[in-house]
Amino acid sequence: MAQKCDRLIVAGSAAEAVAAKLEQPEARFLSGGTSMFADVGPAGDLRVTLISLRKVPELTGITPTSEGMDIGANTTAAELLHNNDILHASPLLARASRSLATRQIRNRATVGGNITTLRADHTLAPALLACEASVRVATASGEQQIALSDYLQSMSAEQVSTGLVTAISVKQVSGFTGFTRVGPRNGPCYSIVSMAVAVDQNQRKVRLAIGNAHRTAFRATSAESIAEQAIDWEATQPDPKLCAAFGAEAARECDPVTDVAASADYRRHAVGVMARRLLEEALHAGLRGGRK
Amino acid sequence: MTLTEKIDLTLNVNGEHRRLTDVWYFESLLNVLRYHLGLTGTKYACDTGQCGACTVQIDGQAVNSCIELAAAAEGTQIRTIEGYCSAERKLSDLQEALVAGRDLQCGYCIPGVIMSGDALLAEYADRDERLTSDDVRLGMSGNQCRCTAYEKIVEAVLDAAGRTT
């Protein structure tokens, strides 16, 4: 571990980073740093102790596993977009990464940062939830594997730990995957609502994850159940009534806020429309593939 | 107790090792380039990573220097617009294409546009893929031009791709 000054620690391993955070709980981990700097803004003051994770080797790499893929927390959005293993095992993640900010930001923003900053408008969490992701967290007492949905909920409840997310494991989905978002404009901008769906015909599972319509990104499990029970898994025919019910249930499950970007009513309406359209698209595609 | 907040840094900028002292630990790379090294070709604008005026290349990738911690850039190869010019001071294909486009107005965004466009051209050349208009629009969407010369910028990058291949 190198200490550049009292306020800047360059960790050389995950254990060093965890130890430094234990010693200084108010310190912030820094990886890509894009959110941290952007949040501070012009003339802002970034006077917090920083623990740089850029040189932590355990946080790098994309490794295929028997179930899908392990993605190091320092993997950038640009790497997700261009990595052949990701394109094969989880095109949904590549699609979500494509809509994440600008090319310059994608070159720096990391998967770990995108989920641990807990910004409701961040892009990757819904796509990861739809891939049933879990996070590997290094703590002083060892490593834990936690479902991403549990991790997001516990963090949003301010059960902030000194743990460090080192990797994200995602499951391969065989079937239709889709990602969609609405924002204030077509160009790079924050999401008002984002949504990812994975429909696995082999396992007869539907996964619907929604961003920016709750305190954190979440899985709309009730809507998922409706679709799983009602889809004709053999014929996969379009079913307008089912799609409408799926959208309505997703809208019912969310708990959006009104902020400067959109009202809660608008967000809830958007969730209903987006979920309905994604399931329509999945059924029209015969539950295969998805938008490129 | 007073905490120490100043650091020493060695950055590789445009192929030269530059030793810096008395840098705040939280300073952005943009700040260090402009105010410690005098490389004012990299422009200061939004300071939040939205406009792309401050784009430099780090290890060949386009990055917003305003949201890059200077201390975190140690050990990388940083290239600014000053290092983009060839030793013979000859304009590159991209610069030639931008000049030929003519409709560029104030020029404030152009150093960032060039660093971004050059990284995009290199990326597609490496992958041996033909660059399309959509690729340029997506790839250059992190560079705003308030004079709205977007069509000319897209044409210039495509023109440069054509000249290079």
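In this predicted model, strand β6 of chain A lines up antiparallel with strand β9 (residues 164-171) of chain A, and five bridges link the pair. Strands here are DSSP runs of type E with at least two residues, helices are runs of type H or I with at least four residues, and both are numbered from the N terminus. Two strands pair if DSSP finds at least two bridges between them. Within this pairing, Met69(A) stands opposite Val170(A) of β9(A).

Which residue does Pro64(A) stand opposite in β6(A)? Met69(A) stands there. A hairpin of three residues carries the chain from β5(A) to β6(A).

A word on reading the labels: residues are numbered from 1 along each chain as its sequence is written, while chains are lettered from A and ligands numbered from 1 in the order in which they are written. Because the model is predicted, local features need pLDDT of at least 70 and side-chain atom pairs count only at pLDDT 80 or more, while totals for chains, interfaces and linings use all residues.

Now step back to chain A as a whole. Its domains are domain 1 (2-52), domain 2 (58-171) and domain 3 (175-284), with bounds that come from an automatic or database domain assignment. Between the C-alpha centres of domain 1 and domain 3 of chain A there are 36 Å.

Four strands form an open sheet in the order β1-β2-β4-β3, with mixed pairing. At its edges are β1 (2-5) and β3 (28-30) of chain A, each of which pairs on one side only. From one strand to the next, the twist averages 25 degrees. β1(A) runs antiparallel to strand β2 (residues 8-10) of chain A, with three bridges between them, and Gln3(A) has Ile9(A) in β2(A) as its bridge partner. As you trace a strand, keep one general point in mind: in a regular strand the side chains alternate between the two faces of the sheet.

Another open sheet of four strands in chain A has the order β10-β11-β12-β13, and its pairing is antiparallel. Its edges are β10 (175-182) and β13 (218-219) of chain A; each has a single partner strand, so one side of each is left without a neighbour in the sheet. Strand β11 (residues 193-200) and strand β12 (residues 205-211) of chain A share seven bridges in the antiparallel sense. Here Met195(A) is opposite Ile210(A) in β12(A). Helix α10 (residues 221-230) of chain A packs on this sheet, touching β12 and β13 of chain A, and its direction makes about 150 degrees with that of β12(A). Such angles run from 0 to 180 degrees between N-to-C directions, and axes are lines fitted to C-alpha atoms, for helices over the stretch in contact. Two residues are in contact if their C-beta atoms, placed from the backbone, lie within 7 Å.

The axes of α11 (residues 240-253) and α12 (residues 264-284) of chain A come within 7 Å and cross at roughly 145 degrees. Among the residues that meet are Phe246(A) in α11(A) and Leu279(A) in α12(A). The contact is made up of 10 nonpolar, two polar and three charged residues. In this grouping, Ala, Val, Leu, Ile, Met, Phe, Trp, Tyr, Cys and Pro count as nonpolar, Asp, Glu, Lys and Arg as charged, and the others, Gly among them, as polar.

Let's move to chain B, where domain 1 (7-83) and domain 2 (93-164) are assigned. The C-alpha centres of these two domains of chain B lie 22 Å apart. In their contact, 14 residues of domain 1 of chain B meet 12 residues of domain 2 of chain B. On the domain 1 side, β3(B) gives the largest share, three residues.

Finally, how do the chains meet? 26 residues of chain B are in contact with 24 residues of chain A. On the side of chain B that touches chain A, β1 (6-13) and β4 (61-64) of chain B each supply at least two residues, and β4(B) gives the largest share, four residues. That side of chain B holds 10 nonpolar, 12 polar and four charged residues.
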